[in-house]
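Please look over the structure below and keep it in view while you read.

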Amino acid sequence: MKRILVNGKIFTGEKFVSALEITDDKVSWLGDSQDARLRNVDEVVDLNGRLTMPSFWDVHTHPLWISETLGSVACTPPNVASIEEMITALRNSPQVGKKDAWIEGWGYDESKLAEGRTPTIHDLDQVSTTQPVYVLRSDCHSCAVNSVALKLAGIKKETPDPFGGMIGHFENGEPNGVMLENGASKLIKAVKENDTFENVVNQTMKLAKHYRTRGIGVISDMISLVAPYDYAEIYSEAARRGLAQEVYLYYSIDEIKRLHLTQLPRPNHPHVHVAGIKLFMDGTISNQTARVKKPYKNSDSTGFAINTAADLKFAYEFAKNNDCQIAIHAMGDAAIQLILDTYGELEPWLTNRPSVRIEHATLLEDKTLAAFHAAKMNFAFVTQIIFLYAEYASYSQNLEEKRLKECYPLASMLKSGVPTALSSDAPATAWIKPDDVFASLAAAVTRIGANSEDLNSKEAIDLVTAFKLYTKAAAAMVPTEKTATLNSGQSADIIVLSQDLFTTNPKKWQETTIERMYLKGQEIIK
């Protein structure tokens, strides 16, 4: 099958052309539309001048979590701006009144709620006192639940804090329904997530339409699990049933330790790959749980330490033995420094990609960037400007001006020479479309927040560079031979945009839709 796309503004990742030929699953020719008329093809597609480019790679996201949010209530701006509005939205959930069903929401950030606090059981019991209510925080680490959910999880006044989390309490010691960080949230998820393999695969298949609308052709699931169902098996079965996106899996270090694994699972589909392992060093800036060197503004807290140097050393040995990457959640400067101190002078074990990816890499001084570049270890940053764009209110509430200017310093990251890519961490941010690439591109290029805040214009980058951070640079973060460019011989993973971002005001970029999408040369209709 030969297909040629003509009359377009085609950005290959390196240059612009007006015509592109696809043979089977690969790009086979690039050139001018006038010359394209001489080529013998089966189909001609007129792009009508549309901006066309490689499909996006979201190399830090949580697709199975996204699939869950597709059927739950968005409790995030611009839909919800108060606990009162959250209660109303949850009362309108289609799950209300269904026997044994959980009423679920996602995306709240207490700093964006009019009340300036996290909802408690007193609030969520107004939604229901007969059904469990669960609302995932914007960072996807914490949650708030009602009294029914607490009872199902067996959480009482005397229940101790679990490893890697804290149970919230009222002044009288009774649990208030706020579950801080993953360790505590898991207590709720353990009783909430009781599904069959078939149902999970069917839920995963909903991602096909979701990622088609986002223009995303490659995804990485950053907290992959083995139990109750192996993510490698879930995604492999979804791929057999038609999920066209390529998938890279990073398995939770907690899962590896709990199950005493010595090897990583092996997918049984060519589009599903095991890339590495994932561990957490701290929490989030917006929740004051990221581990920082000096206390947060108007606080004596320096955040929340999760894994230690000993855990980093365990991960190092496991990754070397399995020839895989280590991806580490680290937002605070203290957490980032511990990674540098532990790994900086160790020999890298991978040569065709970073051995150690630092996920989020939020607070970075110039001297720290220089130290990462000078390190013997081959580090990389996978960061998310969408956080600062959507959650600036909580960042400015928790950090003084100097540290605010050190958040997601894209221009400085690139200048340092440390490989850097952009991603979403969806659904882990307080935005209605957390993996809307066009929102991230606008934030990276303009450094203007959702409410017109100055996100430090000195760290702005140009649009071509931003495109590369979601394509070519992102592809360099995972084990692949693909380059996420439209060069001859490369996979024909292509999107056609509804508007030209080079000539459209960035304020309008989020109105962009994906008119056409090709993955491995096949047009993805829905």
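Two strands pair if DSSP finds at least two bridges between them. Helices (H or I, at least four residues) and strands (E, at least two residues) are DSSP runs, numbered from the N terminus. This is a predicted model, in which local features need pLDDT of at least 70, side-chain atom pairs count only at pLDDT 80 or more, and totals for chains, interfaces and linings use all residues. Residues are numbered from 1 along each chain as its sequence is written, and side-chain values use heavy atoms, with hydrogens and water left out.

## Strands and sheets

Start with strand 7 (residues 51-54). Strand 2 (residues 9-11) runs parallel to strand 7, and two bridges join them. K9 has L51 of strand 7 as its bridge partner. Strand 7 also pairs with strand 22 (residues 494-497), this time in the antiparallel sense, over three bridges. There, T52 has V496 of strand 22 as its bridge partner.

An open sheet is built from four strands in the order 5-4-1-6, with mixed pairing. Its edge strands are strand 5 (26-31) and strand 6 (43-46), and each pairs on one side only. From one strand to the next, the twist averages 20°; axes here are lines fitted to C-alpha atoms, for helices over the stretch in contact, and angles run from 0 to 180 degrees between N-to-C directions. Strand 1 (residues 2-6) and strand 6 run parallel and are joined by four bridges. D46 in strand 6 is the bridge partner of V6.

Another open sheet has eight strands in the order 8-15-16-17-18-19-20-21, with parallel pairing. Strand 8 (56-61) and strand 21 stand at its edges with a single partner strand each, so one side of each has no neighbour in the sheet. The twist averages 25° from one strand to the next. Strand 16 (residues 246-252) runs parallel to strand 17, and six bridges join the two. Find Y250: G276 in strand 17 stands opposite.

## A bent helix

Where does helix 14 bend? Helix 14 (residues 385-398) bends by about 85° at E391. The bend at a residue is the angle between axes fitted to the seven residues ending there and the seven starting there.

Helix 14 is mostly covered, with 11 of its 14 residues buried. Buried means under 20% relative accessible area, exposed over 50%, and partly exposed in between (1.4 Å probe, protein chains only). Among the buried residues are F387, L388, E391 and Y395. The cover includes strand 19 (356-360), strand 20 (379-383) and helix 17 (437-446).

On a 1 Å grid over the protein atoms alone, a cavity is a set of points where a 1.4 Å probe fits but cannot get out; a pocket is an open set with protein on both sides within 12 Å along at least five of seven lines; and lining residues have an atom within 4 Å of a point. Grid points are joined across faces, edges and corners, and a volume is the space filled by probe spheres set on the points.

The largest pocket has a volume of about 1600 Å³. It is lined by 49 residues, and those closest to its centre are W65, E68, K189, K192 and E193. Which helix gives the most to this lining? Helix 6 does, with nine residues.

By this rule there are six cavities of 30 Å³ or more. The largest cavity has a volume of about 100 Å³. Its lining includes W65, E68, K189, E193 and P427. Helix 2 (63-69), strand 10 (103-108) and strand 11 (133-137) each supply at least two residues of that lining.

Most residues other than glycine have a negative phi, and most peptide bonds are trans. The table lists exceptions.

| Site | Feature | Angle |
|---|---|---|
| A227 to P228 | cis peptide bond | omega near 0° |
| A426 to P427 | cis peptide bond | omega near 5° |
| E181 | positive phi | near 70° |
| S452 | positive phi | about 65° |

P228 sits in the loop between strand 15 (216-224) and helix 9. P427 lies in the loop between strand 21 and helix 17.

Is E181 buried or exposed? E181 is buried, with a relative accessible area of 0%, and its place is in helix 6. S452 counts as exposed, at 62% relative accessibility. The place of S452 is in the loop between helix 17 and helix 18 (463-469).

Technical notes. Contact = heavy atoms within 4.5 Å.
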